[in-house]
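Colleague: I am new to this one. Can you walk me through it?

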Amino acid sequence: MHTLKASPRKLPQAYVDLVSRQGLAYNRLKTNFVAIGARSTICEAANTNLMRLHMGVVEFLTYNQGNTAKFNSDNSIETESNVNAKVFANILDTVGLQIDDYFSVRMLLLDGGLLAKRNAIAHGDRIEVKQEDYLQLHRLVIELLDHFRDCLENAAILKAYER
């Protein structure tokens, strides 16, 4: 049974949306979701020495914990246009999933295989991609996306977003 209906690219956003619709207070959510809620306040304060903005971060974290969590899933997931192991690890952190052995091994294979070839081609190198290499990378990506979807669905069903 699939609880998250979205394309693979939109799965993390669908999960963040699901958590947002629960109407839970920040103090009932794991810290990654509090960070999503505070992100704009944190980012605004990070690029300045203005004490009022720094106080805004402290106020959010101190006084808003009993308030209903509100965050926009559209800007909560940062893909940086090209997903590599580092970006994927950040997506996992954002939705509160652990980088298990399954993810670790496949992310390294993805960076070393698919992204290396893609980057070479994008920079004008003429490289040959054998059909068996393509099929192996294709399977890897599909398996990775399926595992990611399963982990998100399990997190939704088990309410892993709650403290």
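Modeller: First, a term: buried means under 20% relative accessible area, exposed over 50%, and partly exposed in between. Keep in mind that this is a predicted model.

Colleague: Is Ile-127 buried, partly exposed or exposed?
Modeller: Ile-127 sits in the loop between α5 and α6. Its relative accessible area is 36%. Buried needs under 20% and exposed over 50%. So Ile-127 is partly exposed.

Colleague: What accessible area does the nonpolar surface patch have together?
Modeller: Ile-127 belongs to this patch, with Ile-121, Val-129, Tyr-134 and Leu-135. Together their accessible area is about 420 Å².

Colleague: On which residue is the kink in α2 centred?
Modeller: Helix α2 covers residues 31–46. Straight, its 16 residues would span 22 Å, but the end C-alpha atoms are only 19 Å apart. The helix has a kink of about 60°, centred on Ala-38.

Colleague: Which residue does Glu-162 meet in a salt bridge?
Modeller: Glu-162 lies in the segment after α6. Its partner is in the loop between α1 and α2, 134 residues apart. The N to O distance is 3.0 Å, and the partner is Arg-28.

Colleague: Which residues are linked in a network of salt bridges?
Modeller: Arg-149 and Asp-146 meet in a salt bridge at 3.3 Å, N to O. They lie 3 residues apart in α6, about one turn of the helix. Arg-149 also forms a salt bridge with Asp-150, at 3.0 Å. The network links Asp-146, Arg-149 and Asp-150.

Note on methods
Residues numbered from 1 in each chain as written. Predicted model: local features only at pLDDT ≥ 70, side-chain atom pairs only at ≥ 80, totals over all residues. Heavy atoms only, no water. Helix = DSSP H or I, 4+ residues; strand = E, 2+ residues; numbered from the N terminus. Expected span 1.5 Å × (residues − 1). Bend = angle between axes of the 7 residues up to and from the residue. Patch = residues over 30% accessible without salt bridge, like charges linked within 9 Å, V, L, I, M, F, W, Y side chains within 5 Å. Areas by Shrake-Rupley, 256 points an atom, 1.4 Å probe, with all protein chains shown as cover. Salt bridge = Lys/Arg side-chain N within 4 Å of Asp/Glu carboxyl O. Buried < 20%, exposed > 50% of the residue type's maximum accessible area, 1.4 Å probe, protein only.
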